[in-house]
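Hello,

My notes on it follow below.

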Amino acid sequence: MDFPSYYLDHIAGGRLIIGLIASIHVLINHPLAVGAYPILTFMEWWAHKHHRPDIDQLAYKITFVVFIVTTTIGAMTGVGIWLSTSLFAPFGIGSLLRVFFFGWFAEWLVFISEVCLIMWWFLSWKKADTPEKKRKHIKIGIALSIMSWLTMALIVAVLGFMMNTGDWSQSRAFIDAMTAPLYLPQLGFRTAFAFMTGAVFVWFCTGFFTKKNPQARYWVIEKLSHVTIVSLIFVFFFGIWYWSRIPEAMRANQAVALLSQGFSGWLGKFHSLLMWTVATFLVIGVGGWIVPRLIPRWALLIPTFMGIWLLGHFERAREFMRKPWVIAEYMYSNGIRKDELRFLQSEGMLTHATYVKHRKVTAENRIEAGQDVFMISCSRCHSTTGINGVLDKFTLMYGPGDWNADGMVSFLGTMHKTSTFMPPFPGNRAEKEALVAYILDLRKTRKPLEGAQTEGIRIPETQTSH
Ligand code: HEC
């Protein structure tokens, strides 16, 4: 409403791009930065204490991989989240920035320190050739591990807040936003998850780097199996606590969240797949603990792929479950605030939108006005003819024959009740009719819809006369 809409036809406005960038970022941040740095620091320390240069060498090689990945793809996708959210959901990230300004500022300082520490740690590894220097070097690793965890700890506050704002909904206080109900369970869950996937990532690299040194491999398998098992137990208990704090209405979205609408009937199968994945982790963990010598090199690669699957799916489900909200009970995914909804429904959204062609629906401008209505109220989740295309969705409901315009108008009035993941329609009756006219026209023409980045911004010549 208050921002021009950046929109890419075919990919539902672009939320998938946010999702893709953010998921890659998390898949690097959790296992590599939060999980692997402390584990590698531990390896360095242990090697130093027990005079095992081969373990030190191995830790160094793995650190090289982690260093390259975190400072390139990891850092770039971190910035990419800012870029993509401010293009596709400026209202959401804008509101979050107002709430979390100092949290994010602190996070930025921590992140800068993290980057400096990783460079310092990695680049000075070889120079730490005396016990004295080695001890100092290990301390850099510890500082780095703390900073990596802290960046996550600060950002998790924002993610938890988006699902459940807790006391902030009354107080509007920064401290209440930072300590919203999901904060601790989610932080515990992610920390445990990071250690678990961090351990399996170090296994993964070890599989490649220890062809000629099975002794080092047995050591890594055995030591890190403890990390895997203990963190798996924590993942489980924090997971239950986390789940119990997710608002009821959002939990009800789980079937669609985990599998999408078409496959929601497979929820039972999905749950058993989840259980099998966890069981496999446990088996590999226990096996590595008791009989590390029997674990073949290739088996070390498997848990990493399962970890990617679990973490990726978790992020996807978490993002979906929050629908229809971008900030729970405060702002819908299309940027409409809950407290302005009734007003817009009676007064009309176009009248109060900044970047639209028409401020009032007339018989002549109906289709154009309807396009603006689509852009404001649907385009953050639906495309026209591409992914999650609005035409496909109506076809699912009404079939390939003729669609009844009145039926469509009344659907818009109740869509948030029948599909709880969609926000209520934020406009008046004339705007519903305009949207339906636009969709019916689109069905005939299948004309591509351009975003503000290609169309330019549009402001009506005559300002509203009210
Ligand atoms: C918060 C995101 C979101 C917004 C905003 C949104 N939708 Fe949806 N809509 C969805 C999702 C997700 C589905 C189900 C997708 C699937 O098939 O899994 C859906 C399904 C539908 C369906 C299929 C029927 C049903 O109930 O499942 C129709 C029709 C539809 N949307 C129309 C609209 C229109 C028109 C708008 C704008 C007024 C809109 N949607 C706004 C997310 C959204």
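Is F204 buried or exposed? The model is predicted, and in it F204 is buried, with 21 other C-beta atoms within 10 Å; the cut-off for calling a residue buried is 20 or more. F204 sits in helix α7. Apart from its neighbours within four places in sequence, F204 has contacts with L300, L301 and T304. H137 is 67 residues away from F204 along the chain, and the C-alpha atoms of the two are separated by 25 Å.

Overall layout

The chain has 466 residues, of which 41% are buried. It contains 18 helices and two strands. Along the principal axes, the C-alpha atoms fill a box of roughly 85 × 45 × 40 Å. Of the contacts with a separation of 6 or more, 76% are between residues 24 or more positions apart.

Domains and core

Twelve residues from domain 1 and nine residues from domain 2 make the contact. On the domain 1 side, the residues that touch domain 2 are eight nonpolar, one polar and three charged.

The largest nonpolar core has 112 residues. A199, V202 and W203 are the residues with the most contacts inside this core. Helix α7 (residues 183-209) gives the core its largest share, 15 residues. Both domain 1 (15-332) and domain 2 (338-455) contribute residues, so the core lies between them. As general background, nonpolar side chains tend to be buried together in soluble globular proteins.

For A199, the contacts beyond four places in sequence are with G35, I39, L224, V227 and T228.

Helix α12

Helix α12 (residues 302-321) has 20 residues. From first C-alpha to last, α12 reaches 29 Å, close to the 28 Å expected at 1.5 Å a residue. Which residues of α12 are buried? They are P303, G307, L311 and M321. Viewed down the axis of α12, these buried residues fall within an arc of 105°, so they line one face of the helix. In general, an α-helix has 3.6 residues a turn, so residues three or four places apart point the same way.

T304, one of the contacts of F204, falls within the range of α12, residues 302-321.

Backbone points to look at

- The peptide bond from K323 to P324 is cis, with omega near 10°. P324 is in the loop between α12 and β1 (325-327).
- H51 is not a glycine, yet its phi is positive, at about 50°. This residue lies in the loop between α1 (15-49) and α2 (53-88). H51 counts as exposed because it has 8 C-beta neighbours inside 10 Å, and the cut-off for exposed is 12 or fewer.
- E329, also a residue other than glycine, has a positive phi near 60°. The loop between β1 and β2 (331-332) holds E329. E329 is exposed, with 12 other C-beta atoms within 10 Å.

Regards

Note on methods: Residues numbered from 1 in each chain as written. Predicted model: local features only at pLDDT ≥ 70, side-chain atom pairs only at ≥ 80, totals over all residues. Contact = placed C-beta atoms within 7 Å. Nonpolar A, V, L, I, M, F, W, Y, C, P; charged D, E, K, R; others polar. Core = buried A, V, L, I, M, F, W, Y, C linked by C-beta atoms within 7 Å. Helix = DSSP H or I, 4+ residues; strand = E, 2+ residues; numbered from the N terminus. Domains from an automatic or database assignment. Expected span 1.5 Å × (residues − 1). Arc of directions from axis to C-beta.
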